[in-house]
Amino acid sequence: MERVTDRIEWHIGHVVRRLRMLAGVKQSALAEQAGLALSKIQRLEDRGSATLETVATVATVLKTSTAELTVYTEELNQARNTTRKAC
């Protein structure tokens with residue numbers, strides 16, 4: 001039987017949310033520090049929907065880079081697919 005987690009595809013917003021939470025920063029504070037509207041942070045985290053400029057700005061505030069966010073997201077999806085195939 002397929003588990004719900006087997007259908008989840010990681011997107012960059014999931015990684016941003018995790019980094020933000022690990023840093024102990026609220027969405028509103030991240031938005032303020034990045035000079036962005038709160039709705040942009042919410043869309044990024046919830047749907048992975050953002051411009052490259054927005055992702056780069058958020059990455060800088062979170063002390064990482066767009067490239068690192070992208071690589072980590074790809075690694076999570078590869079690990080998920082590997083685990084799924086093994087089951």
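Helix α4 is followed by K63, whose phi is positive, near 60 degrees; helices here are DSSP runs (H or I) of at least four residues, numbered from the N terminus. The model is predicted, and local features need pLDDT of at least 70, side-chain atom pairs count only at pLDDT 80 or more, and totals for chains, interfaces and linings use all residues. Residues are numbered from 1 along each chain as its sequence is written, and side-chain values use heavy atoms, with hydrogens and water left out.

Within α4 (residues 52-61), the buried residues are T54, V55, V58 and A59, where buried denotes under 20% relative accessible area with a 1.4 Å probe, protein chains only, and exposed denotes over 50%. These buried residues fall within an arc of 135 degrees when α4 is seen down its axis, so they line one face of the helix. The arc is taken from the directions from the helix axis to the C-beta atoms. L52, E53 and T60 are exposed on the other side of α4.

T64 lies in the loop between α4 and α5 (66-86). Its side chain is joined to that of E68 by a polar contact of 2.6 Å, that is, a pair of N or O atoms within 3.5 Å, one able to donate a hydrogen and the other to accept it. Apart from neighbours within four places in sequence, T64 is in contact (heavy atoms within 4.5 Å) with L19, A59 and L69.

Conventions
Helices (H or I, at least four residues) and strands (E, at least two) are DSSP runs, numbered from the N terminus.
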